[in-house]
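User: I would like to go through a structure step by step. Could you guide me?

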Amino acid sequence: MEPFLTSTAIVTLAEIGDKTQLLAIVLAARFVQPFPIVGGILVATLANHFLAALVGAQAAAFLQGDLFRYIIALSFIAMAVWTLVPDKLDEDEPLKAPAKMGAFLTTTVAFFIVEMGDKTQLATVALGARFESALIVTLGTTLGMMLANVPAVFLGHEILKRVSLTLVRRIAAGLFLVIGVWMIVQTAGWV
């Protein structure tokens with residue numbers, strides 16, 4: 001349960017205010033069809049995060065040892081710092097998916113591409129390496145993405161007016177930091 005719950009919590013918090021959440025709001029405003037957008041987010045996240053978690057789990061299987069654990073711990077600490085930096089959609093880069101693709105396909109393609117190299121994808125790689133379970137981490141991170149993005153699709157602008165993104169980013173950064181420090185403490189044998 002720990003890999004699932006940790007993955008869900010971290011990604012839910014890290015996703016709030018992330019550019020993919022902003023993309024969900026933009027897509028909802030553009031297509032005014034929430035269910036195909038939610039379906040596209042689900043499919044794109046399952047595919048993207050499974051690949052990311054698999055990379056992390058496979059790396060952990062081949063690169064075991066204290067050095068690798070320290071690298072993973074430092075990656076969580078780096079994610080803590082990165083999480084404090086607010087995301088924004090590049091206004092110079094409009095959606096390139098043609099409108100004829102429809103809401104579902106446009107969302108699926110756009111989310112998959114925008115999530116590449118995003119902090120939640122890199123967190124998924126680190127979580128996959130930490131817990132060595134691509135499937136459970138994927139389920140947890142996907143649930144986290146859905147918990148953050150489904151309300152954004154339906155309530156978008158209203159949520160952003162009421163939720164302190166700074167506070168949410170700080171809580172997410174704190175979680176990343178705690179996991180990173182805990183891994184260092186465990187690896188060093190201090191507990």
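User: What should I know before starting?

Analyst: This is a predicted model, in which local features need pLDDT of at least 70 and side-chain atom pairs count only at pLDDT 80 or more, while totals for chains, interfaces and linings use all residues. Residues are numbered from 1 along each chain as its sequence is written, and side-chain values use heavy atoms, with hydrogens and water left out.

User: At what angle do H3 and H5 pack?

Analyst: Helix H3 (residues 34-62) and helix H5 (residues 102-115) pack at about 35 degrees, and their axes are 7 Å apart. Helices here are DSSP runs (H or I, at least four residues; strands are E, at least two), numbered from the N terminus. Axes are lines fitted to C-alpha atoms, for helices over the stretch in contact, and angles run from 0 to 180 degrees between N-to-C directions.

User: Is the crossing of H3 and H5 left-handed or right-handed?

Analyst: The crossing is right-handed. A crossing has that name if the near helix is turned clockwise from the far one by less than a right angle, and is left-handed if anticlockwise.

User: Which residues of H3 and H5 meet there?

Analyst: On the H3 side, they include Pro36, Ile37, Gly39, Gly40 and Leu51. On the H5 side, Ala103, Phe104, Thr107 and Phe111 are among them. Contact means heavy atoms within 4.5 Å.

User: And by class, what does the contact of H3 with H5 have?

Analyst: It has 11 nonpolar, six polar and one charged residues. Ala, Val, Leu, Ile, Met, Phe, Trp, Tyr, Cys and Pro count as nonpolar, Asp, Glu, Lys and Arg as charged, and the others, Gly among them, as polar.

User: New topic. How many aromatic pairs does a search of the whole structure find?

Analyst: The search finds two. Rings of Phe, Tyr and Trp (its six-membered ring) pair if their centres lie within 6.5 Å; planes under 30 degrees apart count as stacked, over 60 as edge-to-face and the rest as tilted. One of the two pairs joins Phe35 and Phe154 edge-to-face, at 5.5 Å centre to centre and with 65 degrees between the planes.

User: Where do Phe35 and Phe154 lie?

Analyst: Phe35 lies in helix H3 and Phe154 in helix H7 (residues 134-162), so this pair ties together parts that are 119 residues apart in sequence. Phe35 is exposed, at 64% relative accessibility, whereas Phe154 is partly exposed, at 41%. Buried means under 20% relative accessible area, exposed over 50%, and partly exposed in between (1.4 Å probe, protein chains only).

User: Why is the pair of Phe76 and Phe176 called tilted?

Analyst: Their ring centres are 6.3 Å apart and their planes stand at 35 degrees, so the pair is tilted. Phe76 belongs to helix H4 (residues 66-83) and Phe176 to helix H8 (residues 165-188), so the pair ties together parts 100 residues apart in sequence.

User: Are Phe76 and Phe176 buried or exposed?

Analyst: Both Phe76 and Phe176 are buried. They are also among the residues with the most contacts inside the largest nonpolar core, together with Ile10, Ile72 and Leu127. A nonpolar core is a set of buried Ala, Val, Leu, Ile, Met, Phe, Trp, Tyr and Cys residues joined through side-chain atoms within 4.5 Å.

User: What about Thr138: buried or exposed?

Analyst: Thr138 lies in helix H7 and counts as buried, at 4% relative accessibility. Not counting residues up to four places away in sequence, Thr138 touches Leu46, His49, Phe50 and Ala53.

User: Which value does phi of Val32 take?

Analyst: Phi of Val32 is positive, about 50 degrees, although Val32 is not a glycine. Val32 sits in the loop between helix H2 (19-31) and H3 and is exposed, with 64% relative accessible area. Glu132, likewise a residue other than glycine, has a positive phi near 55 degrees, and lies in the loop between H6 and H7.
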